[in-house]
Amino acid sequence: MRRKRFCLLIFLAAIFWETSHFPRAWENIFNGDHYYDVNRLNLDLFAHYGDNKTYMDEILHPYRYLIVPDIARVRHSSITVLVLSSVGDFHTREQWRLTYANVENKEKYNYNVVFLCGLAKEPYINDKIKVEGETYGDILQADFIDSYRNISIKILSGFRFISILSEGLKAVIRMDDDMNWRVANVTDFIHTTVKPEKKAFYCERSERGISPTRDRRNKWFLTMEEYPYAELPTYCRGGSYIATMPAVHHVLQNVHSSRFLWLEDVFITGMLNRNEGATVVDIGRRRFFRNKANVDSFDYAWRIPEKKGTQSDVTTFNMYRFHLRILLFAAALFQLVILPFLTILLYLYGTYARKFAVPLEGNVNHLDLSVVDNVNRILDAKFGGNRTYRDSALAPVAYLIVPTRMHIQQRRILVLVPSDVKNRENRNIWRRTYGHPRNKEKFGYTAIFCVGTSHDPSDESRLLDEALDYGDILQADFVDSYRNLTIKMLTAIRYVVIAAREAKSVFKVDDDVSWRIRSVTAYIHNVVNSKACSFHCYRHEAGGAPPRNKWRKWYTTVEEYPFKTLPTYCLGWSYIATLPALDAVLSRVHLERFLWLEDVFISGVLNQNVAEVVGIDKRRYFRNKSDFRLFPKAWFYHLQHRNITIERGYTILNKSY
């Protein structure tokens, strides 16, 4: 009886084992194709390329993977196609999966597709691509910001992934996601011509002796700091190339001893392909790959005859060509007839609207002042419109970027910091010291960086990214220069009057001035009367002669300033102003001539003794201008300790907080 019970128990246990997930779990543990999660892959990544290597350029160190594709699919394919994809471009990846990356083609020609992505700045996009990766198993995402300038990092992340998992690959194809290619021709070329054991790149090879682009207006402009050499190495022209695994390994061996270059084709297949590198074999482009195409035409591109087109292919081609002609005709009709008509209607509507519009005055709380167009509407209504300016240089300038509304409404003291549009590094130092969130919360203030425009599009692009990251940038449409500092401050003051009426006071301080946070904020809260019309600053008494020496930095001609003496004004490094004082200043702008000396013009010429100029001891609240490298020491000035070392300052700072 006991033996029968024991046998029944064994039988039931065997059934439970076979029907449960335990056998598959153990199979996954012993089968690396199925059990290769992100954590294990990252351990292998840093073991191969991180822990035991020192990189000349830190930006080239390995970045951990956040999403990985189906490992089994990658290992069981003889060819892997690495497709550069923007993290938020879900539409293009879907088009690829319907055409070049559909299951039928991948199984027929034995290749696999992996989409290379970085990290999006918007959290919802990262959440969305995580779901996409789990659904399709073809996403490789690493922990770096996805941008055009980071394509080199994106390719290196793909190469490192392939080198860890796919030793048996015959070749790797690097592709842009908007390239057309002949699948049958390319795979047949790899199986018959490419020798997997040799180091080689197969591509459209560049000519020898090409000079780097030094024209700032060019898309591929390289500075001397980025690439100091007179000629570019031989490399594969971007868009697509085929690489063997020995070539991939050779590239990865040279990464740690190289400086970063954002031009991926020159960097990967040229600079990193040195020291007995891979052979660059010229196969042209038209034989295997086509020029860049609209993603929506992929279905047509897929039907490009792979070897000899059938009658069905020709019929399809003619049909699409006919449809394309109709679309081109419709586009031409819209551009020549409909678009001018709509332009005239909009112009007439705008003229009518301006003629009968009611000025925007009084309460503007119903408008979202984090939207540039709303701020510009109020700017034109309050300071433009029917007001005639004696000097057109002082007329209102349209805003291009404004701070977030929540950023302005949080606190009672508003700090205006004039900054050069190019000096992102200086602004970041300011944010880590005087603009640190801990200080702003404790002492009750917020900061806005006031900038103009740059002739360099890359500066504008970086500034836009900075504004999205921090929400503390105010940019207006004037050229950023020292002589335009007056325009910069008038633009900032107009914005304060429009969007920050709730501020207790405004504190203007140059971005290279050291100041005592505790002393300044205590003075504003305890001494400054926010309803009074006053400036508080290091007061320069009236009667001084304007600088007429041509060799002086502040030399002013008689045409610029025709008077013999200067009015009472605030010395320009920094000053505190109440909202009534700023209103008084703005009420006189249209009556005066432009003067580039900002401190004299705003707190002197425009003031004309309307607002009281209260003198304060600058050494008690402010320090002389300092190099940004001294900011770590300037950081401690607000602790009201004199003659302290940096080490002693850190000790005091830690105890204070």
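The questions and answers below walk through some features of this predicted model.

Trainee: Which residues does UniProt list for "transmembrane region", and what share of that span is helix?
Mentor: The unreviewed UniProt entry lists residues 326-349 under that name.

Trainee: Leu-333 is one of the residues in a nonpolar surface patch, so in which helix is Leu-333 found, and what is its relative accessible area?
Mentor: The patch covers about 980 Å², and its members include Phe-329, Leu-333, Phe-341 and Leu-345. Leu-333 is found in helix α13, which runs over residues 311-356. A patch takes residues with over 30% relative accessible area, and Leu-333 is partly exposed because its value is 41%.

Trainee: Is Ser-78 buried or exposed, and which side chain does it join in a polar contact of 3.0 Å?
Mentor: Ser-78 sits in the loop between α4 (71-75) and β2 (79-84), and it is buried because its relative accessible area is 10%, where buried means under 20%. Beyond residues up to four places away in sequence, Ser-78 touches Leu-169, Lys-170, Ala-171 and His-191, among others. The side chain that joins Ser-78 in the polar contact of 3.0 Å is that of Asn-110.

Trainee: Which backbone nitrogen lies 3.2 Å from a polar atom of the side chain of Asp-480?
Mentor: Asp-480 has its place in the loop between β14 (473-479) and α19 (485-499), and it counts as buried because its relative accessible area is 15%. Leaving aside neighbours within four places in sequence, its contacts include Ser-419, Asp-420, Gly-452 and Lys-488. The backbone nitrogen at 3.2 Å from its side chain belongs to Val-421.

Trainee: Why is helix α22 described as largely enclosed by the rest of the structure, and how many of its residues are buried?
Mentor: Helix α22 covers residues 598-605, and its buried residues include Glu-598 and Asp-599 as well as Val-600 and Phe-601. The helix is largely enclosed because the number of buried residues, out of eight, is eight.

Trainee: How far apart in space are Ala-447 and Arg-431, C-alpha to C-alpha?
Mentor: Ala-447 lies in strand β13, residues 445-453, and it is buried because its relative accessible area is 4%. Ala-447 and Arg-431 are 16 residues apart in sequence, and the distance between their C-alpha atoms is 9.0 Å.

Trainee: How many residues separate Arg-149 and Glu-226, which form a salt bridge?
Mentor: The closest N and O atoms of Arg-149 and Glu-226 are 3.1 Å apart. The pair links distant parts of the chain, with Arg-149 in the loop between β4 (139-145) and α8 (151-165) and Glu-226 in the loop between β7 (200-203) and β8 (240-243), and the separation is 77 residues.

Key: Residues numbered from 1 in each chain as written. Predicted model: local features only at pLDDT ≥ 70, side-chain atom pairs only at ≥ 80, totals over all residues. Heavy atoms only, no water. UniProt positions renumbered as here; feature names shortened; annotations may be inferred. Patch = residues over 30% accessible without salt bridge, like charges linked within 9 Å, V, L, I, M, F, W, Y side chains within 5 Å. Areas by Shrake-Rupley, 256 points an atom, 1.4 Å probe, with all protein chains shown as cover. Salt bridge = Lys/Arg side-chain N within 4 Å of Asp/Glu carboxyl O. Helix = DSSP H or I, 4+ residues; strand = E, 2+ residues; numbered from the N terminus. Buried < 20%, exposed > 50% of the residue type's maximum accessible area, 1.4 Å probe, protein only. Polar contact = N/O pair within 3.5 Å; in protein donor to acceptor, adjacent residues only side chain to side chain. Contact = heavy atoms within 4.5 Å.
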